[in-house]
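Open the model in your viewer and keep the selection tool ready. We will go stop by stop.

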Amino acid sequence: MIPESQSCRRDETRGQAAIEQALARAFWQALDGQGLPVMAALEAASRTVGALYGQIAAAHGAGTTCACGWVPDPDGDLIVLEAHLAAAILQPRARDLARMEAAGSA
Ligand SMILES: [Zn+2]
């Protein structure tokens, strides 16, 4: 029998992979044919993640009824999000590299 914590972790990993794939797909589709400078596109993507954080944090602020237990901590959460951004830039995963090759002709 799988301990509940391992099962939850696997569900979380699967959910994160689904979000990563959906965001990457939307990014590449939006970028296609725009002629947008690369950094301008990535800046827009970063702002969108920040806006999503703000929306989710607002839904978990004072007087809200979400029962998940998460309490927004903008300073601490920003450190966590920055660390993930840095890790993805400094250590791209194999599937990211494969996608970059495919996009190399853009
Ligand atoms: Zn919640």
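Start with residues 74–90, which form helix 3. Its 17 residues reach 24 Å from the first C-alpha to the last, close to the 24 Å expected at 1.5 Å a residue. The expected span is 1.5 Å times one less than the number of residues. Helices here are DSSP runs (H or I, at least four residues), and strands are runs of E of at least two, numbered from the N terminus.

A word on the source. This is a predicted model: local features need pLDDT of at least 70, side-chain atom pairs count only at pLDDT 80 or more, and totals for chains, interfaces and linings use all residues. Residues are numbered from 1 along each chain as its sequence is written.

Stay on helix 3 and check its cover. The count of buried residues among its 17 residues is zero, so helix 3 is hardly covered. Buried means 20 or more other C-beta atoms within 10 Å of a residue's own; exposed means 12 or fewer; partly exposed is in between, with C-beta atoms placed from the backbone.

Now select Leu 81, in helix 3. Is Leu 81 exposed or partly exposed? Leu 81 counts as partly exposed, because it has 14 C-beta neighbours inside 10 Å.

Next, select residues 38–59, helix 2. Its 22 residues should span 32 Å, and its end C-alpha atoms are 32 Å apart, which agrees. None of the 22 is buried, so helix 2 lies largely in the open.

Finally, zoom out. The chain has four helices and zero strands. Buried residues make up 0% of its 106 residues.
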